[in-house]
Amino acid sequence: MFYRLAGVHHTSYKSAMRLWPVPADRWQVLLILAVALAAPFFLSSLHLGSYVLPWLIWSAASLSLTLLMGFAGQLHFGFAAVMAIGAYTSIHLTRAGLPFELALIGAGLVSAVIGCIFGAAALRVKGLYLVMATLAMQYLVDWVIINVPVISGGAQATLQTPSVSLFFIPLDGPFSRYYAALAWTVVVTLFLLNVQRSAFGRALVAIREKDFAAAVIGVDPFRTKLGAFFTSSFLGGVSGAILAFCYYRAVTPEQFSFNISIQLVAMVLVGGLGSVIGAFFGAGFVLLLPIILTNIAAELSAAGWLQVSANLLAHLPLMVYGALIVGFLVFEPLGLAKIYDNIRNTLLVWPFRHAKN
């Protein structure tokens with residue numbers, strides 16, 4: 001079979017630390033990348049702009065939060081505020097005449113600095129107390145955006161994104177916006193995959209498991225936690241800017257409310273805490289599954305197979321969606337990524353039974 005470890009020999013540290021040592025994994029990654037690059041040519045503009053594009057951007061945002069929650073074990077229930085800071089900062093910087101590439105870096109830096117200020121609470125508290133600190137960030141940023149007209153134009157104002165170019169390519173069409181979002185998602189994915197293998201990544205895991213024990217073996221909790229908040233907030237701020245320019249193209253305070261922070265946490269948990277591929281699964285589950293369930297319920301009702309009231313029909317997809325989330329957390333607490341890993345491990349030894357899931 002093609003999915004085998006036979007022929008995979010680790011004779012050097014370089015080969016042992018490859019991202020995808022199994023050939024089937026490398027072919028799978030190349031196939032997915034090829035499909036992603038060709039997606040605009042065989043998908044309609046509706047499916048590309050309404051389903052695939054937001055899924056890519058929210059996957060990048062979920063990956064940014066995975067670095068903090070999954071790798072470092074630091075809870076954050078105000079990540080939508082981090083993305084809001086990046087979105088509004090990038091719009092104001094581009095309106096001031098700064099190139100879009102520098103505006104993205106500026107958005108990430110502003111988000112990282114503000115994220116570190118509130119993340120400094122993680123140096124003294126953790127658990128539910130850290131959740132309260134990040135909630136304070138969410139509500140404070142929401143209040144500032146709504147009540148400071150210089151930033152958002154007012155509580156009911158809509159801030160339009162100006163026309164920009166990324167590396168001399170105008171982001172004025174669905175193709176260019178899609179490829180910009182795809183490029184950023186690939187960058188974030190590769191970054192997190194390599195962070196897992198770095199000394200910084202191992203320090204994050206040590207902090208996650210037990211910060212006191214990590215300090216004993218030489219890991220500085222102060223620098224590591226601040227580094228986690230800085231890096232995660234930087235990636236989240238750039239993801240917020242990409243979301244504003246490539247998908248929304250006009251931002252309002254409601255687009256980055258507390259509900260969005262809860263959805264981001266759900267993406268990380270349902271996909272698999274600390275898993276890179278789980279961030280993609282979680283974003284697809286939280287973002288796309290309610291839409292799919294709504295369409296299925298509407299089709300069944302139109303065909304006469306689902307005889308329910310209009311009120312129940314409107315809430316039925318959300319009920320099924322909530323039940324699925326509870327089911328995943330009960331039967332597989334490690335998320336969708338663990339289900340994928342179980343299938344992969346089965347294929348590695350199929351048709352023999354040398355491994356148990």
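Predicted model: local features only at pLDDT ≥ 70, side-chain atom pairs only at ≥ 80, totals over all residues.
Student: Which helix does Pro40 lie in?

Tutor: Pro40 lies in helix H2, residues 23-42.

Student: Buried or exposed?

Tutor: Pro40 counts as buried, because its relative accessibility is 6% and the cut-off for buried is under 20%.

Student: And how far is Pro40 from Val52, C-alpha to C-alpha?

Tutor: The two are 9.7 Å apart in space and twelve residues apart in sequence.

Student: On to H3 and H8. What are the angle and the axis distance there?

Tutor: H3 and helix H8 (residues 174-195) pack at an angle of about 20°, and their axes are 10 Å apart. Angles under 35 degrees count as roughly parallel, so H3 is roughly parallel to H8.

Student: Left-handed or right-handed crossing?

Tutor: H3 passes H8 in a left-handed crossing.

Student: Which residues make the contact?

Tutor: From H3, they are Leu48, Val52, Leu53, Leu56, Ile57, Ala60, Leu63, Thr66, Leu67 and Phe71. H8 contributes Phe175, Arg177, Tyr178, Ala181, Leu182, Trp184, Thr185, Val188, Thr189, Leu192 and Val195.

Student: How many nonpolar, polar and charged residues does the contact of H3 with H8 have?

Tutor: By class, 17 are nonpolar, three are polar and one is charged.

Student: Now H13. At what angle does H3 pack with H13?

Tutor: The angle is about 135°, with the axes of H3 (residues 45-71) and H13 (residues 276-302) 7 Å apart. That angle makes H3 oblique to H13.

Student: Is that crossing left-handed or right-handed?

Tutor: H3 passes H13 in a right-handed crossing.

Student: What does each helix put into that contact?

Tutor: The H3 residues are Tyr51, Pro54, Trp55, Trp58, Ser59, Ser62, Leu63, Thr66 and Phe71. On H13 they are Val276, Ala279, Phe280, Ala283, Gly284, Leu287, Leu288, Ile291 and Asn295.

Student: And by class, what does the contact of H3 with H13 have?

Tutor: There are 13 nonpolar and five polar residues, and no charged ones.

Student: Change of topic. Where is Arg344 found?

Tutor: Arg344 is found in helix H15, residues 336-349.

Student: Why does Arg344 count as buried?

Tutor: Because its relative accessibility is 18%, and buried means under 20%.

Student: What joins the side chains of Arg344 and Asp25?

Tutor: A polar contact of 2.6 Å joins those two side chains.

Conventions. Residues numbered from 1 in each chain as written. Heavy atoms only, no water. Axes fitted to C-alpha atoms, helices over the stretch in contact; angles between N-to-C directions. Helix = DSSP H or I, 4+ residues; strand = E, 2+ residues; numbered from the N terminus. Parallel < 35°, antiparallel > 145°, perpendicular 65-115°, else oblique. Left-handed = near helix turned anticlockwise from the far one by under 90°. Contact = heavy atoms within 4.5 Å. Nonpolar A, V, L, I, M, F, W, Y, C, P; charged D, E, K, R; others polar. Buried < 20%, exposed > 50% of the residue type's maximum accessible area, 1.4 Å probe, protein only. Polar contact = N/O pair within 3.5 Å; in protein donor to acceptor, adjacent residues only side chain to side chain.
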